[in-house]
Amino acid sequence: MSTFKNLLIITALLFGGLVHAQSNFTSKSIGVGVVVADMQRSLDFYVKGIGMVKTGNFTINAEFGKRGGLTGGEAVEVNILKLENSPEGTDWKLMSFGKKADHPKSKFIQDDTGPQYITIQVKSLQPILDRLKEQNVTFLGSTPTPLTKDSHFVLVQDPDGTFVELIGPM
């Protein structure tokens with residue numbers, strides 16, 4: 001009987017810990033801050049090419065940037081993009097300090113550490129492919145690559161080298 005009782009106690013502790021961990025968050029999504037070399041070029045890629053929407057912007061002033069440990073005292077404007085304008089949508093926050101990266105652009109996801117790619121599920125790939133072709137975006141690999149009879153995979157890179165996976169029907 002004590003083994004059963006101990007098992008119940010362990011289960012309650014584990015389940016209680018999982019419930020507690022999940023209740024600590026006020027949002028279901030993670031906002032992602034992306035530093036880009038050229039703000040307009042990146043906005044064109046994500047808004048005019050991918051089809052994201054700009055939902056707002058804000059400025060991190062120099063004093064807050066330094067006090068908060070974000071920028072070391074440099075002001076920066078942040079543009080907020082989403083897949084759709086809804087509270088549940090992930091904030092894709094673009095900011096630029098007007099300089100290029102100090103490292104070479106990756107050719108493959110294994111070429112660097114840290115966040116390398118994002119995945120976007122779409123209702124139809126063709127309109128996005130058409131817009132990206134108009135912007136002379138290079139399609140990587142043999143894309144579109146069939147995944148299932150109704151779903152394809154397309155891989156591109158944004159102007160700064162972040163890989164963008166697009167998955168959906170043609």
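Q: Where is Ser-42 found?
A: Ser-42 lies in helix 2, where helices (H or I, at least four residues) and strands (E, at least two) are DSSP runs numbered from the N terminus. This is a predicted model, in which local features need pLDDT of at least 70, side-chain atom pairs count only at pLDDT 80 or more, and totals for chains, interfaces and linings use all residues. Residues are numbered from 1 along each chain as its sequence is written, and side-chain values use heavy atoms, with hydrogens and water left out.

Q: Is Ser-42 buried or exposed?
A: Ser-42 is buried, because its relative accessible area is 0%; buried means under 20%, exposed over 50% and partly exposed in between (1.4 Å probe, protein chains only).

Q: And what is Ser-42 in contact with?
A: Leaving aside neighbours within four places in sequence, Ser-42 is in contact (heavy atoms within 4.5 Å) with Val-36, Leu-94, Pro-159 and Asp-160.

Q: Turning to the core, how many residues has the largest nonpolar core?
A: It has 23 residues, a nonpolar core being a set of buried Ala, Val, Leu, Ile, Met, Phe, Trp, Tyr and Cys residues joined through side-chain atoms within 4.5 Å. Those with the most contacts inside this core include Tyr-46 and Leu-94.

Q: Which element gives the most to this core?
A: Helix 2 does, with 5 residues.

Q: Which residues do ring pairs link into a cluster?
A: The cluster comprises Phe-45, Tyr-46 and Trp-92.

Q: Why does Tyr-46 count as buried?
A: Tyr-46 counts as buried because its relative accessibility is 0%.

Definitions and conventions
Rings of Phe, Tyr and Trp (its six-membered ring) pair if their centres lie within 6.5 Å; planes under 30 degrees apart count as stacked, over 60 as edge-to-face and the rest as tilted.
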